[in-house]
Amino acid sequence: IERAAERGVLMASLLADLAERHPCVGAVRSLGLFGVVELVRDRTTMEPMAPFNGSSPEMKALARYFRAEGLYTFVRWNTFFTNPPLCITEAEMREAFAIIDKGLEITDRAAA
């Protein structure tokens, strides 16, 4: 429980960093080690990167990139989840977020 709480604080910080640096990130939310990233085409209008109950070429490309890099996460509609195992180390979490950071370059190109 303590480890999950500690890693949850780290994950919230890493999510906030992604939101600050990537124009495609519309919102991030997390509670402990359960997190989600919402991707948008435009932060002003909050137009989703993919429609509800659908996908887009950018979201499909992001999912392919994650898998190719060995990051297995749930990509759905205009979101992807950051739900690592409770036993994750700080180094492993930072490695995963480095993959996410690089992958968001794909969706940044579609953001206004």
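**Entry 1: the model.** I note that this is a predicted model.

**Entry 2: aromatic pairs.** I searched the whole structure for aromatic pairs and got 3. I wrote down Phe52 with Trp77, whose ring centres are 4.5 Å apart and whose planes make 50 degrees.

Where do Phe52 and Trp77 lie? I find Phe52 in the loop between strand E3 (47-48) and helix H2 (57-68). Trp77 is in the loop between strand E4 (75-76) and strand E5 (79-82). The pair therefore ties together parts that are 25 residues apart in sequence.

I then checked accessibility for both rings. Phe52 has 69% relative accessibility and counts as exposed because the cut-off is over 50%. Trp77, at 26%, counts as partly exposed.

Next I took the pair Phe74 and Phe81, also tilted, with 5.5 Å centre to centre and 40 degrees between the planes. Phe74 is partly exposed at 45% relative accessibility, and Phe81 is partly exposed at 29%.

**Entry 3: a charge at Trp77.** I went back to Trp77 and looked for a charged group over its ring. The charged end of Arg76 sits there, 4.2 Å from the ring centre.

**Entry 4: H2 against H3.** How do H2 and helix H3 (residues 90-108) pack? I get an angle of about 155 degrees, with the axes 9 Å apart. The crossing of H2 past H3 is right-handed.

I listed the residues that make the contact. From H2 they are Glu58, Met59, Ala61, Leu62, Tyr65 and Phe66. From H3 they are Ile99, Ile100, Lys102, Gly103, Leu104, Ile106 and Thr107.

**Entry 5: Thr82.** I picked Thr82, which lies in strand E5. Is Thr82 buried or exposed? Its relative accessible area is 5%, and buried means under 20%, so I record Thr82 as buried.

I then looked up what Thr82 touches, leaving out residues up to four places away in sequence. The list holds Met11, Leu15, Leu33, Phe34, Gly35, Val36, Val37, Thr73, Phe97 and Ile100. I note that Ile100 is also one of the H3 residues in the contact with H2.

Technical notes
Residues numbered from 1 in each chain as written. Predicted model: local features only at pLDDT ≥ 70, side-chain atom pairs only at ≥ 80, totals over all residues. Heavy atoms only, no water. Phe/Tyr/Trp six-rings, centres within 6.5 Å; stacked < 30°, edge-to-face > 60°. Helix = DSSP H or I, 4+ residues; strand = E, 2+ residues; numbered from the N terminus. Buried < 20%, exposed > 50% of the residue type's maximum accessible area, 1.4 Å probe, protein only. Lys NZ or Arg CZ within 6 Å of the ring centre and 35° of its normal. Axes fitted to C-alpha atoms, helices over the stretch in contact; angles between N-to-C directions. Left-handed = near helix turned anticlockwise from the far one by under 90°. Contact = heavy atoms within 4.5 Å.
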